[in-house]
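This briefing is for a reader who has not seen the structure before. Look over the sequence and the model first, then read the notes grouped by topic below.

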Amino acid sequence: MLLPSHAALPDGALPTLDAQQLGKEYRLYDSPAQRLLSLLANRRNYRSHWALQGVSFQLRRGQCLGLIGDNGAGKSTLLKLLAGTLQPSCGTLARYGRVTAILELGAGFHPDFTGRQNLYFGGSLIGIDATQMRALEASIIAFSELGEAMDRPIKTYSSGMVVRLAFALVTALEPQVLIIDEALAVGDQHFQKKCVERIEAFRNNGCTILFCSHSLYHVQRLCDQALWLHQGHMRALGPTPEVVAAYEAHVRLQQQAEAPPAEETAAPALRPAPDAAHIEAVLLADVQEPSASTTGSCGRLDSPHLRMTVRARTPEGVQPHIGLLIEQIDGVGVTSVATHFDGTQPHQDSTGAWVATVTFPDIPLHTGQYKISAYLFDNKGLVVYDEWKDCKRFSQVFAQSTPGIVRLAHQWS
Amino acid sequence: MKTLAAQAAALWHARSLCWTLTRREISSRYAGTALGVLWAYAQPLLTMAAYYLVFDVVFAMRLGASAPTHAVGTYLIAGMLPWMAFSDALTRGMTSLLESASVLQKNALPPMLFPVRAVLASALVYAPLLVLLVFAYAPLHHFAPALMALPALVVLQVVLCMLWGSVLAILTAALRDVMQLVTFALSLGIFLSPVLFPAHLVPEAWRWALWLNPMTAWVSSYQGLLLQGAWPPLSHWIGMAVWLMGGALLLQVLLVRSRDQLTDWL
């Protein structure tokens, strides 16, 4: 159940963002002295590094483009070019209407000034003058929930408070083009949800959005177009599912090349605070506990059916959704299910925990090892409150396995 | 001069922002002090008062017969205040790009906004003081009409600082050593000007060297104006024009060559 596309506009509509053959060259000098020399003598005494080359695309009103790619592929450079904080070395860029970039929040705040003073100053940096700000002030303060703190110096704020003020400020005016760089992880869960809702509202009003994220789930859920950058070049541009699928395949190949997956030794993901929404347990009812005799650390699925239960807790009155992802042990996705995909929802048990159980009857998996990841979403499936990646594993033994990973319903004729 | 004109147009377009930035620059410099902005005026005022007290009241030192005035303190102040204004504006302009790196990297703003606002912030402090000098020196020549040239001199000096401050800001962005070099040059430069001693005391053979200092034309003009009520001669105006044009040309070249990389260097 992906969100409906808003791209259904007449072809004659003018693009709000038009990039043609954009390129960004970084000139590498052997020393800063060479840099000065090049300024004064105009000599070609540098090596070129093209962070971005030949990027062209057009976005119309209401379109949402997801930007994906490996680290160092030029995503941030492209976002900065579009936001206007970097100048392109070649190519042309046309932007129509108000462009808001949520790249690095809180730039230009002065720690010794109060929240209110910084609000007026920060506003002037993004083109909101004092008269306009007086009209917007109340709504910005309400959104940031800072209240009394507005008249304290910013240096007394927590980092979350600064980010709340900064987000409320940059999104105070509705933009025609919105550029977001993974800024969805802003503040606490409650504020994250407000941010996402505001961005959704812009989108519904026809704002063009450019969204850069490592979260392929969000790219798939929010964007109707995706652009895959690879080493500064456009590798693919088109409908999201196709581009994301191609990119996923590329990522898997890369991970296989890097011998043992480093992910498992990485530091555990940040757990939400105990009073925030979190997953409490993931249970696989029919999987045997792994015993010493079985190879590997996987328990064996002891039933033709796969039953998975997720228990989660949320603060009072927050209705969550629950999702599960089944992958082969090497990371090839098999399937994903979520309560909001299927138009259902978890139910609350007597202790107040949210419980959802999904059953795959006669699971058509071939012999192999599989891993489960569990996700806790907000009521729209946009904010990820908690995720337990690779939290359970099981092995499946299917005697009549043939090449391939699943049995699909089929007919011969 | 197309790039320079485009920058100037962008600055004009962002003039209200420039004004906000300028006021903020001054207030942030003294944020947390009890007297606040008053400190900005106190420092040059107290220095001038000290010169007057030490040279004219306590020691009552005298300049030679052919000097434009005989009191050393009176002579010193007329040249020293413009020189301090120049030195302060140029230094602040030069470091402005580096200091505002984080703002510039995260907001789409014309880079030259920052040297210009640093020079403006400095001018807001010194320009009123320079104009006030008129009243202190008027009794020497009973408000000579030539004093009307003073605002023009002040404005041209601000433009000079904007141009050369921007030039130095770009050069400093490329190579930090420029900053050290210029600070050194400013502390020595005062000897290469008629601030401390009248130009006629400099040996004839070396007098041309005074014109290597951009402020020589201004300082001499201020001194003639304030001490004798004399209009600045054509040679001074030409000296000013040369330094202004030179700054504009150099800035144009640097803007073109650093265009798409300036923010990366900060």
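**Starting point: B:W39**

Apart from neighbours within four places in sequence, B:W39 is in contact with B:Y30 and B:T33. The model is a predicted one.

- B:W39 is part of helix α3 of chain B, which covers residues 38-58.
- B:W39 counts as partly exposed because it has 13 C-beta neighbours inside 10 Å.
- From C-alpha to C-alpha, B:W39 and B:V125 are 10.0 Å apart in space, while in sequence they are 86 residues apart.

**Chain B as a whole**

- Chain B has 11 helices and zero strands, so its order from the N terminus reads α-α-α-α-α-α-α-α-α-α-α.- The radius of gyration of chain B is 19 Å, close to the 18 Å that the globule rule gives for 266 residues, so chain B is as compact as a globular protein of that length.
- Taken along the principal axes, the box filled by the C-alpha atoms of chain B is roughly 60 × 50 × 35 Å.
- Of the 266 residues in chain B, 39% are buried.
- Contacts in chain B between residues at least 6 apart in sequence join residues at least 24 apart in 73% of cases.

**A helix pair in chain B**

- Two packed helices are described by the angle between their axes and the distance between the axes.
- Helix α4 (residues 72-99) and helix α9 (residues 215-228) of chain B have axes that come within 9 Å and cross at roughly 140°.
- The crossing of α4(B) and α9(B) is right-handed.
- On the α4(B) side the contact is made by B:Y75, B:A78, B:G79, B:P82, B:W83 and B:F86. On the α9(B) side it is made by B:M215, B:W218, B:V219, B:Y222, B:Q223, B:L226 and B:L227.
- Sorted by class, the residues in the contact of α4(B) with α9(B) are 11 nonpolar, two polar and no charged.

**Chain A as a whole**

- Chain A contains eight helices and 18 strands.
- Buried residues account for 34% of the 413 residues of chain A.
- Among contacts in chain A with a separation of 6 or more, 70% are between residues 24 or more positions apart.

**Nonpolar cores**

- In soluble globular proteins, nonpolar side chains tend to be buried together.
- The largest nonpolar core holds 133 residues. The residues with the most contacts inside this core are A:L65, A:L67, A:I179, A:F211, A:A226, B:V119 and B:C161.
- Helix α7 of chain B (residues 149-174) gives the most to this core, with 15 residues.
- A:A226, leaving aside neighbours within four places in sequence, is in contact with A:L65, A:G66, A:I68, A:V219, A:T240, A:V243 and A:V244.
- A second, separate core has 26 residues, including A:V287, A:V310, A:I372 and A:A374.

**Contact between the chains**

- Chain A brings 27 residues to the contact, and chain B brings 27 residues.
- On the side of chain A that touches chain B, β1 (15-28), α1 (32-41) and α3 (115-125) of chain A each supply at least two residues.
- α1(A) gives the most to that side, with five residues.
- By class, the side of chain A that touches chain B has 14 nonpolar, eight polar and five charged residues.

**Loop residues**

- A:D362 sits in the loop between β16 (354-360) and β17 (368-377) of chain A. A:D362 is not a glycine, yet its phi is positive, at about 45°.
- A:D362 is exposed because 9 other C-beta atoms lie within 10 Å.
- B:H142 belongs to the loop between α6 (113-137) and α7 of chain B. B:H142, a residue other than glycine, has a positive phi near 50°.
- Is B:H142 buried or exposed? With 7 C-beta neighbours inside 10 Å, B:H142 counts as exposed.
- B:S100 is located in the loop between α4 and α5 (101-106) of chain B.
- B:S100 has 23 C-beta neighbours inside 10 Å, and therefore counts as buried.
- B:S100 and B:F114 are 14 residues apart in sequence, and their C-alpha atoms are 7.3 Å apart in space.

Terms used: Residues are numbered from 1 along each chain as its sequence is written. Chains are lettered from A and ligands numbered from 1 in the order in which they are written. This is a predicted model: local features need pLDDT of at least 70, side-chain atom pairs count only at pLDDT 80 or more; totals for chains, interfaces and linings use all residues. Axes are lines fitted to C-alpha atoms, for helices over the stretch in contact, and angles run from 0 to 180 degrees between N-to-C directions. Helices (H or I, at least four residues) and strands (E, at least two) are DSSP runs, numbered from the N terminus. A crossing is left-handed if the near helix is turned anticlockwise from the far one by less than a right angle, and right-handed if clockwise. Two residues are in contact if their C-beta atoms, placed from the backbone, lie within 7 Å. Ala, Val, Leu, Ile, Met, Phe, Trp, Tyr, Cys and Pro count as nonpolar, Asp, Glu, Lys and Arg as charged, and the others, Gly among them, as polar. The radius of gyration is taken over C-alpha atoms; the globule rule is 2.2 Å times the number of residues to the power 0.38. A residue is buried if 20 or more other C-beta atoms lie within 10 Å of its own, exposed if 12 or fewer, and partly exposed in between; C-beta atoms are placed from the backbone. A nonpolar core is a set of buried Ala, Val, Leu, Ile, Met, Phe, Trp, Tyr and Cys residues joined through C-beta atoms within 7 Å.
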